[in-house]
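This report goes through a few local features of one model.

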Amino acid sequence: MAASILIVEDEPAIQALILASLKRAGHVAVAAGDAESALQQINSALPDLILLDWMLPGMSGIELARLLRNEERTRRVPIIMLTAKGDERDKILGLETGADDYVTKPFSPRELIARIKAVLRRGAPQATEDPVQIGGLSLDPSTHRISAGDRPIILGPTEFRLLHFLMTHAERVHSRTQLLDQVWGDHVFVEERTVDVHIRRLRAALETSGHDSLIQTVRGSGYRISAVPSAIV
Ligand code: CA
C-alpha cells in the first residue's frame, strides 16, 4: 500500500530527485520548500511520514520537528531528518527532537526508500504490504483481499482501510478522532459520527462469518479490534 509522504526541502534539485524516487517506489509524495508551507499542507492532510531537511530558510527542520511532536494531531507521524551534517552530536540532537531516523546527504534514492520502508513498518504498519491476521480473519494489502477462513469478504475502500488500520494496531483502543486522522488522513472536514457509520458497515460485512464480534466498542473511548471476547459492559 502506498504511503503519503511530505518532503520538506528547500533545495529544488534535491526536492525533485526525492519526489521522483518516491513516486517510482509507489508512494504519493508532496513537497514544501519551508516549514510554514509544510504546516499548511499538514493542516489540510496528515501524511504517513515526513522527510524533513534540517537546514531550512525561516523555521529550521529541528524547530518544525519539535512543534509536530508537541501537537496531539501530529505527534505520531514518523519523521526522517535529512541533513548534510554527519556529526554524532547533531545526529543525537535530531533523534532527541523526536525524529525516527536520520539520513545524511548525499544519500542514494535506494537507501532513502529502504529507510522509509523500515520507519513505516515500525510506526505505521498499515502503510506496508505485509499481510495481517487476527481471529481467523486475514487481510492482504498487496492483493486487497480479505478472507474469513476460505470465504472472501468484500469491503468498500474506506472499510478496507479502517479494518487494515485496526488489524495492524490490534488490542489498542482508538478514539474517533484518531481513526479519522489515521484512516481518513484528515479530520478537518469529516464529522466524528462518520466513523460510526463505517464501523457499522464493516460489522455488517463481517457478520456472515461471525467476525463482526472482533470489532469492539469501548464505551466513552472508541473502537478496537480484538481476538479476545470483550467483557460485559
Ligand atoms: Ca536545506
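**Cis peptide bond**

The loop between β5 (101-104) and α5 (109-123) contains Pro106. The model is predicted, and in it the peptide bond that joins Lys105 and Pro106 is cis. Omega for this bond is about -5°.

**Calcium site**

Which residues coordinate the calcium ion? The donors come from Asp10 (OD), Glu11 (OE), Asp53 (OD) and Met55 (O), at 2.1 to 3.1 Å. Along the chain, the donors of the calcium ion follow the spacing D-E-x41-D-x1-M.

Two of these residues can be described by their accessibility. Asp10 has a relative accessible area of 31%, and Glu11 has one of 36%. Buried means under 20% and exposed over 50%, so Asp10 counts as partly exposed. By those cut-offs Glu11 is also partly exposed, because 36% falls in between.

**Packing of α6 and α7**

Helix α6 covers residues 157-168 and helix α7 covers residues 176-184. Their axes come within 10 Å and cross at roughly 110°. Angles of 65 to 115 degrees count as roughly perpendicular, which means that α6 is roughly perpendicular to α7. The crossing of the two helices is right-handed.

Which residues of α6 and α7 meet? On the α6 side they are Thr158, Arg161, Leu162, Phe165 and Leu166. Their counterparts in α7 are Leu179, Gln182, Val183 and Trp184. By class, the residues of this contact divide into six nonpolar, two polar and one charged.

The loop between α6 and α7 holds Glu171. Phi of Glu171 is near 75°, a positive value in a residue other than glycine. Is Glu171 buried, partly exposed or exposed? Its relative accessibility is 40%, so Glu171 counts as partly exposed.

His144 lies in another part of the chain, in the loop between β7 (137-140) and β8 (145-148). Phi of His144 is near 65°, which is again positive in a residue that is not glycine. His144 has 49% relative accessibility. The cut-off for exposed is over 50%, and His144 therefore counts as partly exposed.

Technical notes. Residues are numbered from 1 along each chain as its sequence is written. This is a predicted model: local features need pLDDT of at least 70, side-chain atom pairs count only at pLDDT 80 or more; totals for chains, interfaces and linings use all residues. Side-chain values use heavy atoms; hydrogens and water are left out. Donors are N, O and S atoms within 2.8 Å of the metal (3.2 Å for Na, K and Ca); water is not among the atoms, so sites may look incomplete. Buried means under 20% relative accessible area, exposed over 50%, partly exposed in between (1.4 Å probe, protein chains only). Axes are lines fitted to C-alpha atoms, for helices over the stretch in contact, and angles run from 0 to 180 degrees between N-to-C directions. Helices (H or I, at least four residues) and strands (E, at least two) are DSSP runs, numbered from the N terminus. Angles under 35 degrees count as roughly parallel, over 145 as roughly antiparallel, 65 to 115 as roughly perpendicular and the rest as oblique. A crossing is left-handed if the near helix is turned anticlockwise from the far one by less than a right angle, and right-handed if clockwise. Contact means heavy atoms within 4.5 Å. Ala, Val, Leu, Ile, Met, Phe, Trp, Tyr, Cys and Pro count as nonpolar, Asp, Glu, Lys and Arg as charged, and the others, Gly among them, as polar.
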